[in-house]
Amino acid sequence: MQGEAAVIRRRDLLSLIGAMAGSAAMYHAMTSLGFASESPYKGPVSLKGDPKGASVLILGAGLAGMTAALELRNAGYKVQILEFNGRAGGRNWTLRGGDSFTELGDFKQTCEFESGLYINPGPWRIPYHHRALLDYCKRLGVALEPFVQLNYNALIHASRAFDGVPQRIRAIRADFQGQVSELLAKVTQQGKLDEAVTKEDQEILLEALRSWGALDRDYKYKANLISAQFRGYARDPGGGLNALPLPGDSLALSEILKSQVWRYLQNFANYNFQTTMFQPVGGMDMIGKAFAREVGGLIRYNSKVTRIQQDHRGVTVSYVDTAAPATVQQARADWCICTIPLSILSQLPVDVSAATKSAIDAVPYAGSVKVGLQFKRRFWEEDEAIYGGISYTDLPIRQIGYPNSGFNRSGRGVLLGAYIFAGANAYEFTAMTPAERVERTVEFGAMIHPQYKAEFENGVAVAWHRVPFVLGCSGDWSEEARATHYHNLCQIDGRIALAGEHASALPAWQEGAILSSLDAITRLHDRVMRN
Amino acid sequence: MQAKAVKIALVMSLALAKAALAQDDRTFSSGYRFVEMTGEELFANVCQGCHMPDAAGATGAGSYPSLAGNSNLEAAGYPILIVVNGRRGMPPFGDMMTDGQVAAVVNYLRTHFGNSYEDVVTARDVRDARR
């Protein structure tokens, strides 16, 4: 029997701790019980003390480089940035109508989207727990709006299941959860859980399963108005004559199991993809542009770094202007924050220790492809009531992302027609010309949305292995490489510190780039103050 | 009857874990591993993404090396190791290709694009090279 004393609710416990031990203990207890933020971001970085005119050369004007520039300049450093591109932001990037982009191999595309429509070829969503990035958005005045990660009315498509017919996420979820609940209720009633669950808890468990699975009185999952409240209706409730709703038939558990589509359901519960997610209003590059408003004057654009040297007094970086590559120029500073992706840095002569060099050489870069498609009308909203969110498929295009703004408007719309991350298909799409990527994306997408054929107008395709400024999507650390090299990569090597998503435990996330940068400049500043 | 046929088709297609998705003239893999089998097709669907259709490589902020007329291909063991293990930014393909696929693409590279090394690499050579 459970005594009353054992049933202290967590909130009671917290008041008790708070009263007895003060707020520090309260905070500690809250953290360990999972209430308070666990973010490594502790608010705006504080670089106290006068660096006395010390200079820092930053390589790369992506989010890592511009975070370092902003904070170090504010702390009194002399800051200069070298950037390969003719714009700031790096992988924080948006393509709009009129933008041109030439990938490696001289394949040039000009985006033909209507004014106001765009695609984010790189990062496109921000989790609520990416506190550093959200704080910079706040400080720099970047307006955010919701990014719809889970739309119950979007689709899950398995080309070899359900006769190839895409299914609504809500139906898959309700039918899977309902039938699993029914099975669990059955074995509970058969007494097969007697050893694992007390009689008292079994009764509660049955109640919970009935609720969680939308089961009927007899703990059965059936096509009725109970399950229809979750999976949707064959005929929605209406008004007047013929207003009464009709339930639809459920999908067979066996087919759901074999289709593997249950994988997608768990994906929505992943910490990285839980609601609420955000996107900047007007395109992801609003963040890069906001940083550039602060530090743009410090950036030398079109500068390709060719060599990094250091001695006991400073760092010398050789670079060429991409318009005049024959003339090698040099920049010098006391310190260097290098955010050049390892795919590129590993090819450069860099004066660092053998351990750092091994770390730089240890990280392959993942492939990823995104394709944006413009259609004459927002048929996914008009015909299918899909407002934002993502449909998943086992076709090579993998995902279709619907726009999370401009809802319910008439006129043209742009959706993300393919988002392929790693795996064989990413390479297969990278190997095509941009025009073929768009063409294939339309062909595959038409298997899910037949409207593609009549409504498609134009598209752009970005394959990250062919993006000249990064040669890949993100650092693809293996567990072994991380165990051997990560620590060394993050060490300040003489007068050079590396930063970027590759120097974080959040690969491919903008938050990783910023946290890595804040950590690097904090340690660098400590060293400067101690010198 | 139709439902039964669909079920049989489903079971069959799931049994073929390596099923390829054919779209006209181009092959697409359905899982993590490549389904392309010939050296020519592996090059066209994988390698040329970075090394370009003429194998001449490309240069941006960094470079993809040219594989055309490349003397590093002379000792067959070297390209085998690079394809299997990757190198620097280049991803490893050892888990995405079988020994036979690695051998096929290495043989293709060593006999095309101005390379003419006649000794043939076998799947066994690749197996021996894997650690």
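Does Leu205(A) count as buried, exposed or partly exposed, and how many C-beta neighbours does it have inside 10 Å?

## Leu205 and its surroundings

Let's take that residue as the way into this predicted model. Leu205(A) has 17 C-beta neighbours inside 10 Å. A residue needs 20 or more to be buried and 12 or fewer to be exposed, so Leu205(A) counts as partly exposed.

You will find Leu205(A) in helix α5 of chain A, which covers residues 199–213. Leaving aside residues up to four places away in sequence, Leu205(A) touches Thr188(A) and Val197(A). Thr188(A) is 17 residues from Leu205(A) along the chain, and their C-alpha atoms are separated by 8.4 Å.

## Domains of chain A

Next, the wider layout. The domain assignment divides chain A into domain 1 (55–89 + 301–338 + 346–363 + 496–530), domain 2 (95–154 + 276–283 + 366–466) and domain 3 (168–259). Between the C-alpha centres of domain 1 and domain 3 of chain A there are 56 Å.

## How α2 meets α17

Now for a pair of helices. In chain A, helix α2 (residues 63–74) packs against helix α17 (residues 510–530) at an angle of about 40 degrees, and their axes are 8 Å apart. Because of that angle, α2(A) is oblique to α17(A). The crossing of α2(A) past α17(A) is right-handed.

On the α2(A) side, the contact is made by Leu63(A), Ala64(A), Thr67(A), Ala68(A), Glu71(A) and Leu72(A). Residues contributed by α17(A) include Ala513(A), Ile514(A), Ser517(A) and Ile521(A). By type, the residues of this contact between α2(A) and α17(A) are nine nonpolar, four polar and one charged.

Notes:
Residues numbered from 1 in each chain as written. Chains lettered and ligands numbered in written order. Predicted model: local features only at pLDDT ≥ 70, side-chain atom pairs only at ≥ 80, totals over all residues. Axes fitted to C-alpha atoms, helices over the stretch in contact; angles between N-to-C directions. Helix = DSSP H or I, 4+ residues; strand = E, 2+ residues; numbered from the N terminus. Parallel < 35°, antiparallel > 145°, perpendicular 65-115°, else oblique. Left-handed = near helix turned anticlockwise from the far one by under 90°. Contact = placed C-beta atoms within 7 Å. Nonpolar A, V, L, I, M, F, W, Y, C, P; charged D, E, K, R; others polar. Domains from an automatic or database assignment.
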